[in-house]
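How is this model put together, and where do its parts meet? Take a look at the chains before reading on.

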Amino acid sequence: MKTVKKVDARRKLEGKAKFLDDYSYDGMIYGQFFCSNSHHGIIKKIIFPQEYDLSQFIIVSAKDIPGKNIVPEPECDQPFIAEKEVFHFGQIILGVAHPCKETLKDFIKNIKIEYKELPALADTKETLKDEMNSFGRKIIIDYSKNVKPKREWIHTHSVYYTPHQEQAYLEPQGMIAIHNQEQKTMFVKGTMQCPFFVKDAVEAIMGDKIKEAIIETSEGIGGAFGGKEDFPNIIAGIASLLSYKSKKPVKIVLDRSDDMKITTKRHPSRVEIDTYTDSKTHKIKKINIDYRLDAGAYQTLSPVVLSRGVLHSGGGYACEDVYIKGQLYKSNTPSNGAFRGFGAPQAFFAIESHIDKIAASLNLDPYEFRRMNIFRIGDEFPSTQKITENHLFDCFEKVIEKSDYHRKIKEFAKFNKSNDDKKGIGIAIAYHGGGYTGNGEKVLNSEVKIVIEKNGVVKVFVSNADMGQGAHTTLAQLVNETLSYPFEKTIVQIPNTSKTPNSGPTVASRTIYIVGNLLRKLALKIKKELQFENLEEFISNNQEYFPKEFRMHFVQDPSVIFNEETYQGIAYKDYSWVACVAEIYYHSVTYTIEPKRIWAVFDIGNVVNVKIAEGQAEGGIMQGVGYGLTEFFYKKGYGRMQGLTDYALPTSLDIPEINVEFIHTNSDFPKGLGEIPMHTPAPAIRNAFYNATGIFIDEIPLVPERIIKYELLKKK
Amino acid sequence: MKVNFNLNNKKVSIDVDPMKRLLDILREDFGLLGTKEGCGEGECGACTVLMDGKPVTSCLVNACHLEGKTILTVEAIAKEPIGKLLIDCFDETNAVQCGFCFPGFLVSSYYFLISDGEQNLDKIKEALSGNICRCTGYQKIFESVMLACKKKQLYSHRFSLIHPVR
Ligand code: FES
Ligand code: FES
């Protein structure tokens, strides 16, 4: 298929596209949150500043909630607004609104609060160390054969840590809520990934005060990456409450420091891996994994993150004896949530680092060792799902060739012998299951709609948002190319829960894979039903027939059976694959790693729009580079980082040259792409650093402070 | 306080709080919504405008610094020939993702094109280092600006008429 230009690009470039903060409504006032600055405590007293006229402010607390004070999530355990006790720093205690933004800010800044402080856990490593802190369901994948390790098997054991990561979508979170008293509706406009989640949330918090919540996304959504999957529920809920109480439209846009303090992040992880490897055949004989995530104070959607993490934690390697255990841990920090990869980047950092460690103990090149163990047709995932294609292996061989790996390994070794600065090259491979796990897509039961108008416009209705990933261009392409219809006349509509059917959330690398393929099927059905040669002519010759609406539901392939108790079966119908090589330059004087080049070869099936796909891959790789090298929250859960000044996002000067290639593109359909680019850069860089220096660091990011520590250890 | 300045080639004068940020003045007093707030602390560059011909982050400029200044925002730059050329190049490579950062990138790359414009990757990286993009991984942004530099040189006769930016 061909690359068409993105439908939204020009309006965005000219500054004309409207993002949430660019909308305003008559009589609109502004809302903000007052949040806890304690990790854990019972609220004793809230004192409002004297110098303000309180009657000018609209203030809502948990008591003002007419419906339920529980955010609807996979695990319904988090309140919209704290009641008597706060369980983490940054927990929302009040919603406050006022016509003037500045006054509102000053007022909130001056609210005083007293707590009875209670014991709290804010340090991730401490939280994850102690099994006492675990909560929620334990997931076990038992693919073990209880074989006793033989004498010639080499035991390798390590514990890997990854930190919080901030999504840092460039447009902060925001919502506008407008209560309509007569119609008993709540209209909410916002920057979000999942309008139907927000609908459920607003209807939950408003209870019988409204008949319906109508949710619409803003024209532009300034990045999301998972960060706008579930937190928008809370903002929308409280904005609705404020609008209901004030009888005015209320706009809440978080400023950057609030956004960083209170919204969800990537889960910090602790992954402990034990392996036994046959020193003669170089085959991995036994793998044991203990995968732990710090969920924060509430479970919310973390059980789903855990599930995906566990299912990806074995890596792309065949082994006949695997035992994986996964569990969530509770700390007094804000709940963590979705972020591109959803538990998998943590898993791949651990397993890909571990593979290099085994290779080193066998004195093998990491390429050779991977080659011995990588998935081939007929192998099985620990969930017993069969590998039916060698595409991971193909990606792997291709990236080795593209990066000139073998030559560089030799050349760098020579360079490193005679220089204080070092050069290194490292590999990582990964996969990502498309769509919801197991039976999830069946339960979601996504529906899409196409309306062909009299004037020849083909309108596409889905609830999936375009938050920069180009979904509305790519989805339009899937329809227009199937109908052989002009692209310009095929228009994906802005998601609005009263107009678009529920085609599910914009998450889980499912938009093109599930919704796009469904739209294509619907377009094929239209073609069959209307029996046209040329749709444009057909429409003008059969005007009486239009406008005409077509709908279709997703039907799960019956062969996809997954047991959610035993974690056995087909977890994902289709996997995307990636292999990645990173090349670094290590500056020994400053202890800094400069990423030089990254190559990544993907199999994402059929590529609908090459430039958009490349852009997705490059962006995900950049976030992976940040994850591996610079991004983390310094303070122990407390206060977190205060803004973009102290949270180091990669800039144009920090980013390596990125080379992306897609293979096996002649497949029948596109698979998921959104998340997989995130999985490999961090471990590949970490492995490259080992190649350069002979130092294994089992924790990211690889900041100079950490490198110094390990260098000193090595010298001892 | 009253301030007079030149905004997008027009003389304007407003009565504002001296501490009001230029970013808010543009968005609230003049309805110029193309300039975005990503951080409010001078880090992200989404609010970049040209002040007396040089890029500044408008979230760090206050009304009291504005007297007599010349401000050019994305709305005006998008209409200039070099601005249009850049927009075409960004569009060509499908560089834009969420687009929130792009008004800022347009301003910074516009400044690079008029002040230097050499088709040199290192220089471009340097020129854009004040703008953060969380979506793209920058590769296609570099590609677009390189392309714009090349086209500007190729068609320099067409751009020679442009009046210098004040
Ligand atoms: S908003 Fe001004 S630099 Fe980010
Ligand atoms: S395109 Fe989203 S921040 Fe640049």
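The model is predicted. Start with the division of chain A. Domain 1 takes two stretches, 19-119 and 173-253. Domain 2 is also written in two stretches, 269-436 and 566-715. Domain 3 covers 440-553.

How far apart are the centres of domain 1 and domain 2 of chain A? Taken over C-alpha atoms, the separation is 37 Å. The two domains do touch: 20 residues of domain 1 of chain A are in contact with 21 residues of domain 2 of chain A. About 1,700 Å² is buried between domain 1 of chain A and domain 2 of chain A, with carbon and sulfur atoms giving 57% of that area. On the domain 1 side, look for A:His39, A:Phe89 and A:Phe225. These residues lose the most area to domain 2 of chain A, and together they make up 31% of what the domain 1 side buries. Salt bridges between domain 1 and domain 2 of chain A number zero.

Chain B has its own division. Domain 1 of chain B runs over 2-73, and domain 2 of chain B over 77-159. Their C-alpha centres lie 22 Å apart. The contact takes 17 residues from domain 1 of chain B and twelve residues from domain 2 of chain B. About 1,100 Å² is buried between these two domains, and 64% of it comes from carbon and sulfur atoms. Here too the salt-bridge count is zero, across the interface of domain 1 and domain 2 of chain B.

Now turn to the meeting of the two chains. The size of an interface is often given as the accessible area lost when the parts come together. For chain A and chain B, that area is about 4,100 Å². Carbon and sulfur atoms account for 55% of it. The contact takes 55 residues from chain A and 45 residues from chain B. A salt bridge to inspect joins A:Glu614 to B:Lys140, where the closest N and O atoms are 2.8 Å apart.

Which element gives the most to the lining of the second largest pocket? α2(A) does, with four residues. By residue class, the lining of the second largest pocket divides into 15 nonpolar, nine polar and 18 charged.

Cavities of 30 Å³ or more number three in the whole structure. The largest cavity has a volume of about 140 Å³. Of its 17 lining residues, A:Gln78, A:His88, A:Phe231, A:Ile234 and A:Ile262 are the closest to its centre. Domain 1 and domain 2 of chain A each give at least three residues to the lining of the largest cavity. That lining divides into eight nonpolar, seven polar and two charged residues.

Finally, follow the backbone of chain A. Most residues other than glycine have a negative phi, and most peptide bonds are trans. A cis peptide bond joins A:Phe546 and A:Pro547, with omega about 0 degrees. A:Pro547 sits in the loop between α15 (535-541) and β20 (548-553) of chain A. The bond from A:Ile700 to A:Pro701 is also cis, and its omega is near -5 degrees. The loop that holds A:Pro701 is between α17 (681-693) and α18 (704-715) of chain A.

A:His282 has phi near 65 degrees, and its place is the loop between β13 (269-278) and β14 (284-296) of chain A. A:Ser509 is not a glycine, yet its phi is positive at about 50 degrees. The loop between β19 (490-492) and α14 (511-530) of chain A contains A:Ser509.

Notes
Residues numbered from 1 in each chain as written. Chains lettered and ligands numbered in written order. Predicted model: local features only at pLDDT ≥ 70, side-chain atom pairs only at ≥ 80, totals over all residues. Heavy atoms only, no water. Helix = DSSP H or I, 4+ residues; strand = E, 2+ residues; numbered from the N terminus. Nonpolar A, V, L, I, M, F, W, Y, C, P; charged D, E, K, R; others polar. Domains from an automatic or database assignment. Contact = heavy atoms within 4.5 Å. Buried area = accessible area lost by both parts, 1.4 Å probe. Salt bridge = Lys/Arg side-chain N within 4 Å of Asp/Glu carboxyl O. 1 Å grid on protein atoms, 1.4 Å probe; cavity = no way out; pocket = protein on both sides within 12 Å on 5 of 7 lines; lining within 4 Å. Points joined across faces, edges and corners; volume = space filled by probe spheres on them.
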